[in-house]
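Subject: Structure handover and notes

Hello,

Here is the structure you are taking over. Please open it alongside the notes below.

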Amino acid sequence: MITIKYPEPEMWASITERPHLDVSQLSATVKTVLDDVKTRGDEAVKDYEKKFDKAELDCLAVSKEEMDEAESLVDTKLKEAIAMAFSNIKAFHEAQKFNEVRVTTQPGVECWQKSVAIERVGLYIPGGTAPLFSTVLMLATPAKIAGCKEIVLCTPPGSNGKVNPAILVAAKVAGVSKIFKIGGVQAIGAMAYGTQSVPKVYKIFGPGNQYVMAAKQQVSLHDVAIDMPAGPSEVCVIADGNANAEFIAADLLSQAEHGIDSQVLLITTSEDKAKQVEEEVERQLQLLPRQDIAVKALGNSRIVVVENDEQAMLISNAYAPEHLIIQTDNYNELAQKVVNAGSVFLGKYACESAGDYASGTNHTLPTHGYATAYSGVNLDSYCRKITFQNLTEEGVRRIGPAVEAMAAAESLDAHKEAMTVRLKEVNKLG
């Protein structure tokens, strides 16, 4: 990691810059696969599964027998952990339920909103170097609470044609409707367009590699909604002189092991702490099975020493991190100054892993600076707000003249007439 001490404000933009990747060739490849899946459906999907996942599949859907087998393959301790995480995620997201409020904007004019679940959603769950069964819980649990009628899940199989059993167990716990052995771009295409086996969904959720992200963005232009634009995973840690260097190093490495294009950022008001963390990162790095991945991610990463908390928060808000850990004595005070972040972890015991798995908050979050404008996945992600209004005779009298005046000013005469004919009727009624 590069250490930068007391940077001037004009340097902050370069400090908070993410790694840049050339995706021009990637986009063309993605389009080819998507077009093929759209045209040939299941046949194309099976061809790509054979090519990319080395799996020869007769049937794309996961069978009941495979679900039962998964139950027997996952040990009791992990099943209990999945059950606890599900319970906490469920409790947190149930608290986000929308309460309908009816508003009388004028006498005789009543307006309200109704929250309606998206009827069919698609979840993409990576299954490569790290099969993310935790993401099944994060995406399917709020979908079920929201009332989505059909929850479709796609995840890549191994070369043996089987899906990771923990993914299947988590899917059953969270209430997934249908599971398909499809990975990568072909999975996004199958859910976006529909195939002979896979139903077309209305919104796609879930993380993935660069190809999956590019596919989600392409299908979102014309065919289906997506949860959010996304880039590689990232964390920012803000630490003072009393922070625990061992904890900080573990937090940085837990993010760095995600992928070679991940990024971590430490902002500290203590030069001594910066040095301690650097030494601790090097020590812990040697113990990691995914050391090669973490090393490359650390090459994209920085330690920044600043003069005070104010500068630390300004740089953090400019970075808009996916995950923000504040390990300072005054973390509650600094929490009030957070403007841009996906999810925030306060104090020395709130590691990012807690939110990734079992505290209850959602771990599907905006990356690449999108936290300036996007929220992480929550109950509202699976709902639409439909507005209603009802006008009585008095309501027409109250707002009718204003509607006529505004429509006339915009030269929309038919708009004006729609209200005029009603005004004439209610005026006749006295």
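The notes below go from the whole chain to single residues.

Overall picture

Please keep in mind that this is a predicted model. The protein chain holds 17 helices and 14 strands. Its C-alpha trace spans about 85 × 60 × 45 Å along the principal axes. Of the 430 residues in the chain, 46% are buried. The exposed surface comes to about 20,800 Å², and carbon and sulfur atoms supply 51% of that area. Among contacts with a separation of 6 or more, 75% are between residues 24 or more positions apart.

Nonpolar cores

The largest nonpolar core has 40 residues, and Val121, Leu123 and Tyr382 have the most contacts inside it. At least two residues of this core come from each of α4, α5, β4 (120–124), α6, β5 and α7. Helix α6 gives the most, with eight residues.

Leaving aside residues up to four places away in sequence, Leu123 touches Leu139, Ala140, Ile151, Val152, Leu153, Cys154, Met191, Phe205 and Tyr382. There is also a second, separate core of 32 residues, which includes Val33, Ala55, Cys154 and Val219.

Helix α7

Helix α7 covers residues 165–174, and seven of its ten residues are buried. Those seven are Ala166, Ile167, Leu168, Val169, Ala170, Ala171 and Ala174.

At the start, a side-chain oxygen of Asn164 comes to within 2.9 Å of the backbone nitrogen of Ala166. Just after the helix, Gly175 takes a positive phi of about 90°.

Rings and charges

The count of aromatic pairs is five. One of them is Phe247 with Tyr349, a tilted pair with 6.3 Å centre to centre and 55° between the planes. This pair links distant parts of the chain: Phe247 is in helix α10 (residues 245–256), Tyr349 is in the loop between β13 (343–346) and α15 (352–357), and the two are 102 residues apart. Phe247 counts as partly exposed because its relative accessibility is 29%. Tyr349 has a relative accessibility of 67%, so Tyr349 counts as exposed.

Tyr370 and Tyr374 also form an aromatic pair, this one edge-to-face, with 5.8 Å between the centres and 90° between the planes. Tyr370 is partly exposed at 30% relative accessibility, and Tyr374 is partly exposed at 37%.

Two arginines lie over tyrosine rings. Arg18 lies over the face of Tyr319, 3.9 Å from the ring centre. Arg120 lies over the face of Tyr202, 5.7 Å from the ring centre.

Backbone angles

Most residues other than glycine have a negative phi. Two exceptions are noted here. Ala320 has a positive phi near 50° and sits in the loop between α13 (309–319) and β12 (323–327). Ala320 counts as buried because its relative accessible area is 0%, where the limit is under 20%.

His368 is not a glycine either, yet has a positive phi of about 55°. His368 is in the loop between α15 and β14 (383–391). Its relative accessibility is 33%, so His368 counts as partly exposed.

Around helix α12

Ser301 is in the loop between α12 (291–298) and β11 (302–305). With a relative accessible area of 1%, Ser301 is buried. Not counting residues up to four places away in sequence, Ser301 touches Met1, Ile2, Gln263 and Val264.

Val295 lies in helix α12 itself and is partly exposed, at 40% relative accessibility. From C-alpha to C-alpha, Val295 and Leu285 are 7.9 Å apart in space, and they are ten residues apart in sequence.

Regards

Technical notes:
Residues numbered from 1 in each chain as written. Predicted model: local features only at pLDDT ≥ 70, side-chain atom pairs only at ≥ 80, totals over all residues. Heavy atoms only, no water. Buried < 20%, exposed > 50% of the residue type's maximum accessible area, 1.4 Å probe, protein only. Helix = DSSP H or I, 4+ residues; strand = E, 2+ residues; numbered from the N terminus. Polar contact = N/O pair within 3.5 Å; in protein donor to acceptor, adjacent residues only side chain to side chain. Phe/Tyr/Trp six-rings, centres within 6.5 Å; stacked < 30°, edge-to-face > 60°. Lys NZ or Arg CZ within 6 Å of the ring centre and 35° of its normal. Contact = heavy atoms within 4.5 Å. Areas by Shrake-Rupley, 256 points an atom, 1.4 Å probe, with all protein chains shown as cover. Core = buried A, V, L, I, M, F, W, Y, C linked by side-chain atoms within 4.5 Å.
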